[in-house]
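Good morning, colleagues. Please look at the structure on the screen while I describe its pockets.

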Amino acid sequence: MAMLRSYVSGRWHTSSAEGAPLRDAVTGEEIARISSAGVDFAAALDHGRRVGGPALRELTFHQRGALLKALASYLREHREELYALSARSGATRNDSLVDVDGGIGVLFTYSSKAKRELPNSRVYVEGVPEPLGRGGTFVGQHIGTALRGVAVQINAFNFPVWGPLEKFAPAFVAGVPSLIKPASQTAYLTEKLVELIVASGLLPEGSVQLVSGSAGDLLDHLTEQDLVGFTGSASTARLLRTHPAVVRSAVRFNAEADSLNCSILGPDAVAGTPEFDLFVKQLTHEMTSKAGQKCTAIRRAIVPAALLDDVADAASARLAKVVIGNPADESVRMGALAGLEQREEVRRSLKSLLEAGEVVFGSPDRVDVVGADAERGAFLSPVLLKADPDLAQPHEVEAFGPVATLLPYTSTDHAVELAARGAGSLVGSVVSYDPGFTSSVVLGAAPWHGRLLVLDRDDAGESTGHGSPLPNLVHGGPGRAGGGEELGGVRGVLHHLQRTAVQGSPRVLSAVTDRWVTGAPRTSSDVHPFRKSLAELKVGDSVVAGPRTVTLDDVEHFADFTGDTFYAHMDEEAAAANPFFGGRVAHGYLVVSFAAGLFVSPEPGPVLANYGLDNLRFLTPTFPGDELTVTLTAKQITPREDQEYGEVRWDADLVNQKGESVAKYDVLTLVAKS
């Protein structure tokens, strides 16, 4: 039988040990063996730090994002190979779409985030410079730089494609190499994923490695620059979090663990309403999708006591229609659990839950299946329970399979209290059309949840569902759920960067960040900055233009032309009474327009378009007779990797004849590269 391989230190490694058997979840047939014996974990980490890290850090955020996009496209072309193996884990085609296509989607999302929300540089600049002295010669700036270690990613069995990719993508964009350690039950699918990644030839060597089998002494070799991301049980998370090397070096550790997620039905959502139907449909879908093996699945369905029987009957009717069996049969809607051991674990948890309740639908021991043997394959019937909400078991025992428990509540406060008894969850949902109820529940339950979905007739058509983590939003939760956060768009990237407060002169900070900082030197020449291509333009290039006198005729013409006849511009008496003005003033947008007229170089040239203003603030009123002068300085230059132009952010400072700033803002332009 074939032995799963590890990819470490730039080569594939096949263990010579006997290894442990891995079985097809549907047939029970042995399909591979797994062992990491012979892997030099210290060397693998060293390879990531010496080879992968430097190669990644040579690239900008945008360049890494472009590689992610190319990889996502490559994997999408080869996803049928992943689907074929996914079926052996018990996954239906729809389950495989969630895992495979969902993982590829994370790569596409992080590619877009890198391009749109991060600079085309190697340094992340966070926030604005902080003045630290009165004279403006001493300032501070927070920056983020890639950690010089390896992101060790220990994944669960239930999502062998999405799980590795959702950890890998933000680490890669950050410039940190990954070492992936999948759970053994479904590691054959992760091995295929990494095989495809390596075969693509798209990524720098050392940026991704794979360990198939036990982690051995991997954690013993962690340093203060490494990170650990873990998905799995809370008990294992506790062991890893307290590992001597993790504690000794304060290794950055993130856990996504057990979660007794709840869904709360509002009292307004009685039978016959769209919300009632949405709740029942969502509950049964979360019980059967991936055979309930999702860390985000609904475990506790919290419903008004008066609606308990209606929900039980409606959910049972839907569950009775679910066809269970071999995913190869097109009629099958729920496949097997990942393995026989997993089925026995779920049965043990069900036994504990039944001490607090009773079965509404299904059986822990009997199931009818299509196209397979119910005992050789890891099949289990969906089981819906109802229980006393005051007992402990429903709030403490997670059956990681197609199992959920109905819990009645008597008031809004009671519903929130029950949600909180999960002691920290990845996700919760509220299904109601009553904004007062949903607002109370969301604000009451939020401290115990990483994500909350409010589902109703208005958003149902576009909702991605209770159990679907999105790369744009955080995935994680407090307490029992591990206390960590993954994804969340750029937040996931920042987890892999070291935030450092840099103090110095504006000149120094401009050099460090490659952004012009107020107080840093400007460069003026006979060539207008708008006549320079992106290749010629430098941060700090500037032009001073003006003065232009603002007249009363200008103010009245602008008011007549635009229709903005606000009294402060047109009524001397009323304007004089205004404590902010004391007389008629020019329109703010008039003075900004005058500034554009002053600094523009109108002939055709490298500047292709002005696409916006940022951070506009009017600081001092402009009165008829004031003289305006503008200084425009190239603040940030961002080439676009896939275009013949880039973005230039200009600092605009408009002052009056007294030297007072009238307006400050950033001008955004597109400039040709050559």
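I begin with strand β5, which gives the most to the lining of the largest pocket, namely seven residues. Strands here are DSSP runs of E with at least two residues, helices are runs of H or I with at least four, and both are numbered from the N terminus. The model is predicted, so to speak of local features requires pLDDT of at least 70 and side-chain atom pairs count only at pLDDT 80 or more, while totals for chains, interfaces and linings use all residues. Residues are numbered from 1 along each chain as its sequence is written, and side-chain values use heavy atoms, with hydrogens and water left out.

A pocket is an open set of points, on a 1 Å grid over the protein atoms alone, with protein on both sides within 12 Å along at least five of seven lines; lining residues have an atom within 4 Å of a point.

The largest pocket has a volume of about 1200 Å³, the volume being the space filled by probe spheres set on the points. Its lining comprises 39 residues, and Arg515, Lys635, Gln636, Arg649 and Asp666 lie nearest the centre. Elements giving two or more residues to this lining include α4 (93-117), β5 (124-131) and β24 (627-639).

Let me turn to the second largest pocket. About 710 Å³ of space lies in this pocket. Among its 29 lining residues, Phe157, Gly232, Ser233, Asp258 and Gln342 lie nearest the centre. Helix α11 supplies the largest share of that lining, six residues.

How values were computed: 1 Å grid on protein atoms, 1.4 Å probe; cavity = no way out; pocket = protein on both sides within 12 Å on 5 of 7 lines; lining within 4 Å.
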